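Dear colleague,

Please find below the structure that I am handing over to you.

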Amino acid sequence: MRKIILLFVFQGILLIAKAQGINDAKSKDSASAIVKEGKSGSLDIVFKPEEKVITTHSVTIRGKQIPYTATAGTLPVWNNEGKCIAGLFYAYYERSDVANRSARPLVFFFNGGPGSSSAWMHIGYAGPKILNIDADGYPVYPAGVKENPYSVLDVADIVFVDPVNTGYSRSVINDAGGNEFFNVQSDIRYLSSWIGHFLTRNSRWASPVFLVGESYGTTRVSGIAAELQKSEWIYVSGVVLVSPTELGIERKGPVQEALKMPYFTAAAWYHSKLSPALQHKDLEEVLAESEKFTTDELLPAIVRGASLTGENRKRIAEKMSRYSGMASTVILQNNLDISSEFFWKELLRDRGYTIGRLDSRYLGIDKKDAGESVDYNAELSTWYHAFTPPINMYLRDELQYKTDLQYVVLKGISFQGSSAGIADNLRLAMAQDPSLKVMIQSGYYDGACDYFNAKYSMWQIDPGGKFKDRFSFKGYRSGHMVYLRKEDLIAASEDLRSFILSSVPKAGVSIKY
């Protein structure tokens with residue numbers, strides 16, 4: 001009996017050992033499988049200054065099917081010695097059923113910041129896919145993108161560019177001083193050089209070139225238009241300034257104080273803070289009145305300062321109240337000088353709300369109703385919410401560009417240097433190219449780069465009016481990103497399409513004065 005028991009015990013031990021061996025083998029196989037799926041060597045994120053992924057797609061624009069290729073990738077920035085110093089991420093959309101590209105326009109898009117990627121115009125305005133948002137620009141679920149039936153891809157090929165340290169673009173050198181990238185002039189120089197390399201790499205030197213900039217991007221493209229002529233011998237056919245900055249044009253004192261008034265009028269009209277007589281009028285009719293008051297009465301009154309008599313001061317304050325929705329007593333307490341920051345806090349103070357800076361249609365709620373400035377920009381948190389998930393999903397899933405780098409939608413980048421002279425550079429570019437045209441697109445509810453300041457810039461770039469037939473202004477009932485409201489997306493896209501088609505030089509016609 002003992003032998004039998006020992007035998008069973010021995011056999012049991014063998015069985016256990018065998019089973020353990022099988023399990024060990026399985027564990028080794030599993031471990032081996034895990035290793036095979038993982039990464040060997042360094043796990044550091046590697047940035048490649050040059051790579052690209054090409055995919056094929058189609059989109060329906062204005063009822064017609066448009067086939068296209070999408071190239072998502074990076075292209076190097078080289079310095080004067082031919083050394084790679086950065087790689088710029090770009091998305092290039094090229095209509096694929098076009099046999100001859102020599103006459104087909106090529107449009108480069110740049111956003112602002114200056115630490116902004118091109119995500120905003122890429123999936124908000126002109127790309128073949130746009131955000132899944134409601135008709136007023138607010139995010140809706142599920143997050144993502146959908147076809148853009150208003151894209152200009154039917155008439156032009158498109159390139160969205162992310163400057164260094166935005167999007168997936170990165171520097172490969174230490175530029176602590178900002179001399180290579182983070183300076184107003186160096187930014188213009190390296191981007192101009194990059195455009196020249198892009199044209200060479202993609203055989204697009206014969207194409208009419210257009211530049212579209214938004215916000216600080218308007219400073220960029222105004223400078224690039226001149227720099228391309230000077231350093232790359234490239235003459236662009238058109239420049240589009242979306243929500244333009246001041247472009248280096250000096251504004252101080254009475255001019256700076258007065259020019260805000262028409263924007264105040266637009267925001268007050270939107271929030272029904274004007275008198276019934278004005279609220280019953282169309283916005284643009286009211287704005288025309290406000291503009292006339294600003295140039296003909298308000299500006300001269302502010303110039304007079306202390307010499308403005310009490311009765312005249314009171315009359316101007318009452319008119320300011322009429323066109324701004326603020327109490328005349330508040331205006332008098334501020335010596336007729338209402339800052340934009342105070343206006344965003346004051347306009348709806350009685351309702352417990354603040355209004356947005358970049359788009360004053362948006363509402364915010366501060367900790368205290370009292371105070372002279374808002375706690376936060378009401379529109380920005382909504383925009384981050386709307387743009388960040390979709391741009392990451394779209395680039396990775398649809399354009400198949402896969403990287404572990406963070407896509408930097410917007411970050412604070414401190415630029416060195418001054419933008420003084422940028423407007424003069426644009427004027428010089430227009431002078432040197434009789435065919436170059438400029439279009440401005442502005443939202444009436446933009447309190448950061450307001451529409452009347454944009455008009456002022458247009459008037460001051462060409463004070464003699466010699467180029468007035470080559471300038472055009474388009475206003476929209478939206479804010480800084482004029483395209484977020486669906487009606488304005490349609491209108492702005494059609495304006496952009498018409499501008500491109502009308503600005504392409506006609507075949508066989510001499511370009512001269």
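Cysteine 84 has a relative accessibility of 25% and counts as partly exposed, whereas cysteine 449, at 13%, is buried (buried means under 20% relative accessible area, exposed over 50%, and partly exposed in between, with a 1.4 Å probe and protein chains only). The structure contains zero disulfides, a disulfide being a pair of cysteine sulfur atoms within 2.5 Å.

Please note that this is a predicted model, in which local features need pLDDT of at least 70 and side-chain atom pairs count only at pLDDT 80 or more, while totals for chains, interfaces and linings use all residues. Residues are numbered from 1 along each chain as its sequence is written, and side-chain values use heavy atoms, leaving out hydrogens and water.

Across the whole structure there are 27 salt bridges (a side-chain nitrogen of Lys or Arg within 4 Å of a carboxyl oxygen of Asp or Glu). One of them joins arginine 104 to aspartate 157 at 2.8 Å, N to O. This pair links distant parts of the chain, 53 residues apart: arginine 104 lies in the loop between strand S3 (84–95) and strand S4 (106–110), and aspartate 157 in strand S7 (residues 157–162). Strands are DSSP runs (E, at least two residues), numbered from the N terminus. Arginine 104 is buried at 7%, as is aspartate 157 at 0%.

Arginine 101 and glutamate 94 form a salt bridge at 3.1 Å, N to O. A network of salt bridges links Glu94, Arg101, Arg104, Asp157 and Arg204.

Lysine 252 pairs with glutamate 250 at 3.6 Å, N to O, and both residues are exposed.

Yours sincerely

Terms used:
Helix = DSSP H or I, 4+ residues; strand = E, 2+ residues; numbered from the N terminus.
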